[in-house]
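Please look through the sequence and the model shown below before reading on. The report that follows begins with a term, then moves from the whole chain to single residues.

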Amino acid sequence: INGNPYRLELDWRWHQKALQAGCWLSINPDAHSIAELDLMTWGVAVARKGGVAKDKVLNAMSLEQMLAHLARRKRRRANRTVGKR
């Protein structure tokens, strides 16, 4: 979710559709300078408007949560490729 107030992509009306499709979202400020890092606030506001729960935002995870998430994805990917060999 792009936090730049001139962009605000992904449009909040698509957030639930993305989540239903199994997507994980991340919020970024689209910063091109240090002063623009505060644009993250807009991204969080748009995510809230779209009903995105914190547990579906990748960059809201702790390091431990992110490592566990990546390990789950790796296991799932490995399980899918076992039958294709």
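## Terms and basis

A residue is called buried when its relative accessible area is under 20%, exposed when it is over 50%, and partly exposed in between, using a 1.4 Å probe and protein chains only. By this scale Asn4, at 12% relative accessibility, counts as buried.

This is a predicted model, in which local features need pLDDT of at least 70 and side-chain atom pairs count only at pLDDT 80 or more, while totals for chains, interfaces and linings use all residues. Residues are numbered from 1 along each chain as its sequence is written, and side-chain values use heavy atoms, with hydrogens and water left out.

## Confidence and helices

The predictor's confidence in each residue is given as pLDDT, which runs from 0 to 100. The chain has an average pLDDT of 93, and 96% of its residues score at least 70. Confidence is highest in helix H1 (residues 15–20), at a mean of 97, and lowest in helix H3 (residues 63–82), where the mean is 91.

Helices (H or I, at least four residues) and strands (E, at least two) are DSSP runs, numbered from the N terminus. In this chain there are three helices and zero strands, and the pattern along the sequence reads α-α-α. The radius of gyration of the chain is 15 Å, well over the 12 Å that the globule rule gives for 85 residues, so the chain is more spread out than a compact globule; here the radius is taken over C-alpha atoms, and the rule is 2.2 Å times the number of residues to the power 0.38.

## The chain as a whole

Taken along the principal axes, the C-alpha atoms fill a box of roughly 50 × 25 × 20 Å. Of the 85 residues, 24% count as buried. The chain exposes about 6,600 Å², of which carbon and sulfur atoms supply 56%, with areas computed by the Shrake-Rupley method with a 1.4 Å probe, where for residues only the protein chains shown count as cover.

A contact means heavy atoms within 4.5 Å. Among contacts between residues at least 6 apart in sequence, 65% join residues at least 24 apart.

## The segment before H1

Which residues does Asn4 touch, leaving aside its neighbours within four places in sequence? Asn4, which lies in the segment before H1, is in contact with Pro29, Asp30 and Leu39.

Leu8 is placed in the segment before H1 and, with a relative accessible area of 23%, is partly exposed. The segment before H1 also holds Leu10, and the peptide bond from Glu9 to Leu10 is cis, with omega near -5°.

Lys56 is found in the loop between helix H2 (40–49) and H3, and at 31% relative accessibility it counts as partly exposed. Not counting residues up to four places away in sequence, Lys56 touches Leu19, Trp24 and Leu25. How far apart in space are Lys56 and Ser26, C-alpha to C-alpha? They are 8.2 Å apart, although 30 residues separate them in sequence.
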